[in-house]
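Here's a quick briefing to read with the model open beside you. Have a look at the chain first, then work through the notes below.

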Amino acid sequence: GLTLNASVTVAPEEGKITIDLRDNPDNQPNGLNLTKATSTAAALAGAFGALPENVPTNAGTFRRFDVLLREGCVVGIPKFP
């Protein structure tokens, strides 16, 4: 198995949510590495699943999230090879 970590920080006074995926293993020599787009989408999907249904899924809402990724990380920005 591969253990993955996500750290979530909520700043209600700023109206921001930060999802940090940088504390994860380096790229793996297999097909499990996520791209920047899939890592970000997975983080946002998890966050939206925890929010009330009346929150719109549009660019204004997306700007309230910061997803932190690391280059060369299995859940982040892949690095070749």
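Threonine 61 sits in helix 2 (helices are DSSP runs of H or I with at least four residues, strands are E runs of at least two, and both are numbered from the N terminus). With a relative accessible area of 11%, threonine 61 is buried (buried is under 20%, exposed is over 50% and partly exposed is in between, using a 1.4 Å probe and protein chains only). Setting aside neighbours within four places in sequence, threonine 61 is in contact with Phe48, Val55 and Pro56, where contact means heavy atoms within 4.5 Å.

This is a predicted model, so local features need pLDDT of at least 70 and side-chain atom pairs count only at pLDDT 80 or more, while totals for chains, interfaces and linings use all residues. Residues are numbered from 1 along each chain as its sequence is written, and side-chain values use heavy atoms, with hydrogens and water left out.

**Aromatic rings**

- A pair of aromatic rings is described by the distance of the centres and the angle of the planes.
- Rings of Phe, Tyr and Trp (its six-membered ring) pair if their centres lie within 6.5 Å; planes under 30 degrees apart are stacked, over 60 edge-to-face, and the rest tilted.
- By this rule there are two aromatic pairs.
- Phenylalanine 48 and phenylalanine 62 have ring centres 5.6 Å apart and planes at 80 degrees, so this pair is edge-to-face.
- That pair links distant parts of the chain, with phenylalanine 48 in helix 1 (residues 36–50) and phenylalanine 62 in helix 2 (residues 59–62), 14 residues apart.
- Phenylalanine 48 is buried at 17% relative accessible area, whereas phenylalanine 62 is partly exposed at 37%.
- Phenylalanine 48 also pairs with phenylalanine 65: the centres are 5.4 Å apart and the planes at 45 degrees, so this pair is tilted.
- Here the link runs from phenylalanine 48 in helix 1 to phenylalanine 65 in strand 3 (residues 65–68), 17 residues apart.
- Both phenylalanine 48 and phenylalanine 65 are buried.
- Put together, Phe48, Phe62 and Phe65 form one aromatic cluster.

**Salt bridges**

- A salt bridge here is a side-chain nitrogen of Lys or Arg within 4 Å of a carboxyl oxygen of Asp or Glu, and the count comes to three.
- Aspartate 66 and lysine 16 meet in one of them, at 3.6 Å from N to O.
- Aspartate 66 lies in strand 3 and lysine 16 in strand 2 (residues 16–20), so the pair ties together parts 50 residues apart in sequence.
- Aspartate 66 counts as partly exposed, at 32% relative accessibility.
- Aspartate 20 and arginine 22 pair up at 2.9 Å, N to O, and arginine 22 is partly exposed at 39%.
- Arginine 70 bridges to aspartate 26, with the closest N and O atoms 2.9 Å apart.
- Arginine 70 is in the segment after strand 3 and aspartate 26 in the loop between strand 2 and helix 1, so this pair ties together parts 44 residues apart in sequence.
- Arginine 70 is partly exposed at 24%, and aspartate 26 is also partly exposed, at 47%.

**Nonpolar surface patch**

- Leu2, Leu4 and Leu32 form a nonpolar patch on the surface, with about 270 Å² of accessible area together.
- Patches are made of residues with over 30% relative accessible area and no salt bridge, joining like charges within 9 Å and nonpolar side chains (Val, Leu, Ile, Met, Phe, Trp, Tyr) within 5 Å.
- Accessible areas come from the Shrake-Rupley method with a 1.4 Å probe, and for residues only the protein chains shown count as cover.
- Leucine 2 lies in the segment before strand 1 (7–11) and is partly exposed at 35% relative accessibility.
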